[in-house]
Amino acid sequence: MPQIIPIKDLKNTSEISDLCHSVTEPVFITKNGYGDMVIMSMDTFDGIAATLNMYQSLMKSEQQIKDGKVHDARQSLQSVREKYGL
């Protein structure tokens with residue numbers, strides 16, 4: 001369940017920091033009853049960034065497959081072995 005807190009609570013920085021580190025998702029900040037900001041711990045941010053990077057890599061790979069930019073794995077490995085004498 002997402003954590004939602006009003007902007008006035010941001011003056012309790014130590015408590016907000018503890019909250020951000022106790023959950024594994026962003027904390028949503030409201031202003032006048034409407035969504036205004038999102039805060040999170042660095043660990044949560046790093047996890048989200050890594051996930052986003054993985055999805056971007058998958059999308060790029062799928063596009064390369066659609067564009068026919070693929071090579072046979074066995075042939076590629078054989079050429080590497082021959083090139084480096086493995």
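These legends walk you through several close-up views of a predicted model.

A word on conventions before we start: residues are numbered from 1 along each chain as its sequence is written, and side-chain values use heavy atoms, leaving out hydrogens and water. As the model is predicted, local features need pLDDT of at least 70 and side-chain atom pairs count only at pLDDT 80 or more, while totals for chains, interfaces and linings use all residues.

**View 1**
Strands (E, at least two residues) and helices (H or I, at least four) are DSSP runs, numbered from the N terminus, and two strands pair if DSSP finds at least two bridges between them. As a reminder, strands of a sheet pair through backbone hydrogen bonds, either parallel or antiparallel.

**View 2**
Strand 2 and strand 3 run antiparallel and are joined by 5 bridges. In the loop between strand 2 and strand 3 you will find N32, a residue other than glycine whose phi is positive, near 55 degrees. N32 counts as exposed because its relative accessibility is 70%; the classes used throughout are buried for under 20% relative accessible area, exposed for over 50%, and partly exposed in between (1.4 Å probe, protein chains only).

**View 1. T30 and its surroundings.**
T30 sits in strand 2 (residues 27-31). With 19% relative accessibility, T30 counts as buried. Setting aside residues up to four places away in sequence, T30 touches I4, I5, P6, I7, G35 and D36, where contact means heavy atoms within 4.5 Å.

**View 2. A nonpolar patch on the surface.**
I4, F28 and V38 make a nonpolar surface patch of about 270 Å². I4 belongs to strand 1 and counts as exposed because its relative accessibility is 55%. Patches are made of residues with over 30% relative accessible area and no salt bridge, joining nonpolar side chains (Val, Leu, Ile, Met, Phe, Trp, Tyr) within 5 Å and like charges within 9 Å. The accessible areas come from the Shrake-Rupley method with a 1.4 Å probe, and for residues only the protein chains shown count as cover.

S22 is part of helix 1 and is exposed, with a relative accessible area of 56%. The C-alpha atoms of S22 and S41 are separated by 9.0 Å, with the two residues 19 apart along the chain.

T44 is found in helix 2 (residues 42-66) and, at 9% relative accessibility, counts as buried. Leaving aside neighbours within four places in sequence, T44 is in contact with V23, T24, E25 and P26. D46 also lies in helix 2, and is partly exposed with a relative accessible area of 44%. Between the C-alpha atoms of D46 and I7, which are 39 residues apart along the chain, the separation is 24 Å.

Terms used:
A salt bridge is a side-chain nitrogen of Lys or Arg within 4 Å of a carboxyl oxygen of Asp or Glu.
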